[in-house]
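Trainee: I have this one open and have not looked at it before. Can you walk me through it?

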Amino acid sequence: MTLKFNEKSNDLYKFQQSGDLKSIRDPHICALRKVLFEDFRQWLSEVTNVALETTVDVSCAKYSYTDVLLCHDDELEGRRFAFIYYLVPEWTKADGGSLDLYSTDELGQPGPIAKSLIPSKNTLVFFEVSPVSFHQVSEVLNETKCRLSVSGWFHGPSLERPPRVLDPVPVRSSHIHHDHELLHEWINPLYLTQEDQIQKKFEDESEILLKDFLKEEKFSAVCAALEAQTIEWELLGPPNRRCYKTATGELPDAVTGCMELLRSEAFFLLLSNLTGLKLHSLAPNNEESDEEEGSSQSNANTSAQGGAVGVEKSGPGAEAGSDRVPMCSGELRHWEHGHYKMIHDHDPEQEEFALDLQLFCGCGDWDMDYGGFTSYIAKEEDEELLTVYPEDNCLALVYRDKETMRFVKHVNHRSLHRDANCSNHKGFWDFAFVYYE
């Protein structure tokens, strides 16, 4: 506990970790390291009949209240066995923090949890790292206890990895026909009269948050329909990529109306006017003005954005003579305790420039400490570029490039304190759409 611990937080985990214990000179740590690196490594090699290298990764981890390590397989070049040595106080299932081992399906995808191991003082757990070694450290639920452990990996010859199962590409569609009156029926008039100012701000920052976006009576009707609990929900997986609910089947009229608004021809044109993107044939064509400014200036502007969520007019659909039809995909999502969406290497939505839209409902009094926010990061980088927090009747627009990834942070146990005071529903909802030029 005297070591220096660093906060670790991203789409996969939140906990505190020490540096590599190989360089620590404390006699007790040196003795533990010697047992692991020599005696135990030799024993493990004999028991498993696997020739292990002298390389051993080892560090110390502290999991406190709401800390978690979500479903993953530990596979990285050279890792052969993972181990965890527990230095915990008396621990029960109610404290959380269990090591959960997942079953896998015929495609090697993680399914239900097959076994949970509760941390136990002075106990060492180890398992083989393989393409199906999916596991997690469940969220710590005790506000006073610390899940302290020494953990790492023994290295050896890796097992052969089969091809990864790819996510299906979300179904896209062009706009549906609705005239401009639909906008006046649903949307705050403020956003129908200040399009130029909004577009200028969006083009400068590549993102914007439009508060009180829907007319109050329309927003209230949508929230009432969501809270009525008549919608059928499907829990999406696999857990190494996502865990949240999406609406299926027939929707209440108010919710259907909102979905139709976001898919409507009139709304595509409005988005074009708000963002400067070419999402409708009637949208102004910015190519000529961009060419006059010169490609070098355009590149400088893109660099200033860090290559992240910057609007780049040379993206898909903006090519001269392009015959691409603007498209969108969308879903209604329900977020509650334990839900999340992670980044993964083969996400089909990461291959194109796109405009992300989120419209939030039922998140009054939602605190950023609950999780459930959307984070944007640059590929191969840890630093967040932008965070979008849930806020009632707010429309978030973010334009991202091919090097920008996003995740929804794990909704943690603190959110249940808020839900206990919210009699109508748990968690919150969002309409999540992606638009392509």
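Mentor: A term to begin with: contact means heavy atoms within 4.5 Å. Also keep in mind that this is a predicted model.

Trainee: Fine. What do the buried residues of helix 6 pack against?

Mentor: They pack against helix 2 (181-186), helix 5 (216-227), helix 7, strand 14 (327-335), strand 16 and strand 21 (428-436).

Trainee: And which residues of helix 6 are buried?

Mentor: Helix 6 covers residues 253-263, and its buried residues are V255, G257, C258, M259, L261 and L262.

Trainee: Helix 7 came up there. How do helix 4 and helix 7 cross?

Mentor: The axes of helix 4 (residues 195-205) and helix 7 (residues 265-275) cross at roughly 65° and come within 6 Å. On the helix 4 side the contact is made by E195, I198, Q199, F202 and E203, and on the helix 7 side by L270, S272, N273, L274 and T275.

Trainee: How many of the residues in that contact of helix 4 with helix 7 are nonpolar, polar or charged?

Mentor: Four are nonpolar, four are polar and two are charged.

Trainee: New topic, the core. Which residues touch the most other members of the largest nonpolar core?

Mentor: That core has 46 residues, and I187, F213, F267, L355, L357, F431 and Y435 touch the most other members. Helix 7 gives the most to this core, with six residues.

Trainee: Take Y435. What is Y435 in contact with, leaving aside its neighbours within four places in sequence?

Mentor: With those neighbours left aside, Y435 is in contact with L262, F267, F268, L271, L279, M327, C328, A354, L355 and L357. There is also a second, separate core of 21 residues, which includes I84, W91, F127 and M342.

Trainee: C328 is on that list for Y435. How many disulfides are there?

Mentor: The count comes to zero disulfides.

Trainee: Where is G362?

Mentor: G362 sits in the loop between strand 16 (354-361) and strand 17 (374-378). At 5% relative accessibility, G362 counts as buried. Apart from neighbours within four places in sequence, G362 is in contact with C223, D392, R418, H425, G427, F428 and W429.

Trainee: Is D365 buried or exposed?

Mentor: D365 is exposed, with a relative accessible area of 71%. Its place is in the loop between strand 16 and strand 17. Phi of D365 is near 65°, a positive value in a residue other than glycine.

Trainee: And T66, what is its phi?

Mentor: Phi of T66 is positive, about 75°, although T66 is not a glycine. T66 is found in the loop between strand 3 (56-63) and strand 4 (68-72). T66 is buried, with a relative accessible area of 1%.

Trainee: Which peptide bond is cis?

Mentor: The one from G237 to P238 is cis, with omega near 0°. P238 is in the loop between strand 12 (232-236) and strand 13.

Trainee: Strand 13, then. What does the side chain of T246 do there?

Mentor: T246 lies in strand 13 (residues 242-248). A polar atom of the side chain of T246 lies 3.3 Å from the backbone oxygen of L332. T246 is buried, with a relative accessible area of 8%. Leaving aside neighbours within four places in sequence, T246 is in contact with E232, W233, E234, L236, E331, L332 and R333.

Trainee: Last one, H334. Which strand is it in?

Mentor: H334 lies in strand 14, and at 9% relative accessibility it counts as buried. H334 and L235 are 99 residues apart in sequence and 9.3 Å apart in space, C-alpha to C-alpha. Beyond its neighbours within four places in sequence, H334 is in contact with residues including W233, Y244, F428 and W429.

Note on methods: Residues are numbered from 1 along each chain as its sequence is written. This is a predicted model: local features need pLDDT of at least 70, side-chain atom pairs count only at pLDDT 80 or more; totals for chains, interfaces and linings use all residues. Side-chain values use heavy atoms; hydrogens and water are left out. Axes are lines fitted to C-alpha atoms, for helices over the stretch in contact, and angles run from 0 to 180 degrees between N-to-C directions. Helices (H or I, at least four residues) and strands (E, at least two) are DSSP runs, numbered from the N terminus. Ala, Val, Leu, Ile, Met, Phe, Trp, Tyr, Cys and Pro count as nonpolar, Asp, Glu, Lys and Arg as charged, and the others, Gly among them, as polar. A nonpolar core is a set of buried Ala, Val, Leu, Ile, Met, Phe, Trp, Tyr and Cys residues joined through side-chain atoms within 4.5 Å. Buried means under 20% relative accessible area, exposed over 50%, partly exposed in between (1.4 Å probe, protein chains only). A disulfide is a pair of cysteine sulfur atoms within 2.5 Å. A polar contact is a pair of N or O atoms within 3.5 Å; within protein, one must be able to donate a hydrogen and the other to accept it, and residues adjacent in sequence count only if both atoms are side-chain atoms.
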